[in-house]
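Please open the model in a viewer and keep the selection tool at hand.

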Amino acid sequence: MTTEKIVAHPRNMSIKDRLLHYSPPDEKTGCRNWTGALVCGYGTVTHEGVQYRAHRVSYECWVGPIQDDLLVLHQCDNRACINPGHLFLGTHQENMADMTSKDRQIKGVEHALAKLDDDKGRAIRCDHRTDEALAAVFGVDHSLIHRVRMRRAWKHVPSTQEEFDAISARKAN
């Protein structure tokens, strides 16, 4: 007879045991990274036939209930982490403010729906034609031109006349 520990099949484990089973601790970060199924980087766990985000279940198991209007946020910024010590509650607005303060938002050409690039953003800021005229040139709505000029869009792009002239010279060659 073997003396090895017999491990129960995950489906027969309690939800807490499954969370621990699928999230070995990372000694360097303290995260407990979910090794089960991931959707958009977040762990998912099925309980009683319903699929849940693993970090939310972890929070509820070890910390307490989550109000309907709150999200479970990650202090570690690691979507796969389910360590309840790394999780805290916040509103959508607080989550967006946290993302912005840590410079984690998708910007510019990284965004799948971007219609401009950094060079065009600079060019728009340096060009003195009307929003409508530039919208026709760049094939976008005039409201986007206005947002670029007011630094509500493409605000990560610095704009000076010298930069614009240098870009124009490179394109001419």
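**Cysteines**

The structure holds 0 disulfides, a disulfide being a pair of cysteine sulfur atoms within 2.5 Å. Select Cys76 first: Cys76 is in no disulfide, and the nearest cysteine sulfur, that of Cys31, is 3.8 Å away. Cys76 is partly exposed, at 27% relative accessibility; buried means under 20% relative accessible area, exposed over 50%, and partly exposed in between, with a 1.4 Å probe and protein chains only. Select Cys61 next, which is also partly exposed, with a relative accessible area of 23%.

Before going on, please note that this is a predicted model, in which local features need pLDDT of at least 70 and side-chain atom pairs count only at pLDDT 80 or more, while totals for chains, interfaces and linings use all residues. Residues are numbered from 1 along each chain as its sequence is written, and side-chain values use heavy atoms, with hydrogens and water left out.

**The aromatic pair**

Now select Tyr22 and Trp34. A search of the whole structure finds 1 aromatic pair; rings of Phe, Tyr and Trp (its six-membered ring) pair if their centres lie within 6.5 Å, and planes under 30 degrees apart count as stacked, over 60 as edge-to-face and the rest as tilted. The ring centres of Tyr22 and Trp34 are 5.4 Å apart and the planes stand at 45 degrees, so the pair is tilted. Both residues lie in the loop between helix H1 (15-21) and strand E1 (38-39), so the pair ties together parts that are 12 residues apart in sequence. Helices (H or I, at least four residues) and strands (E, at least two) are DSSP runs, numbered from the N terminus. Is Trp34 buried or exposed? Trp34 is buried, with a relative accessible area of 6%, whereas Tyr22 is partly exposed at 26%.

**The strands**

Select E1 together with strand E2 (residues 42-47): the two run antiparallel and are joined by 2 bridges. Strands pair if DSSP finds at least two bridges between them. Leu38 stands opposite Gly43 in E2. In the hairpin of E1 and E2, with 2 residues between the strands, Cys40 takes a positive phi near 55 degrees.

E2 and E3 form a hairpin with 2 residues between them, and Glu48 in the turn has a positive phi of about 55 degrees.

**Last stop**

Finally, select Trp62, which is placed in helix H2 (residues 54-62). Trp62 is partly exposed, with a relative accessible area of 36%.
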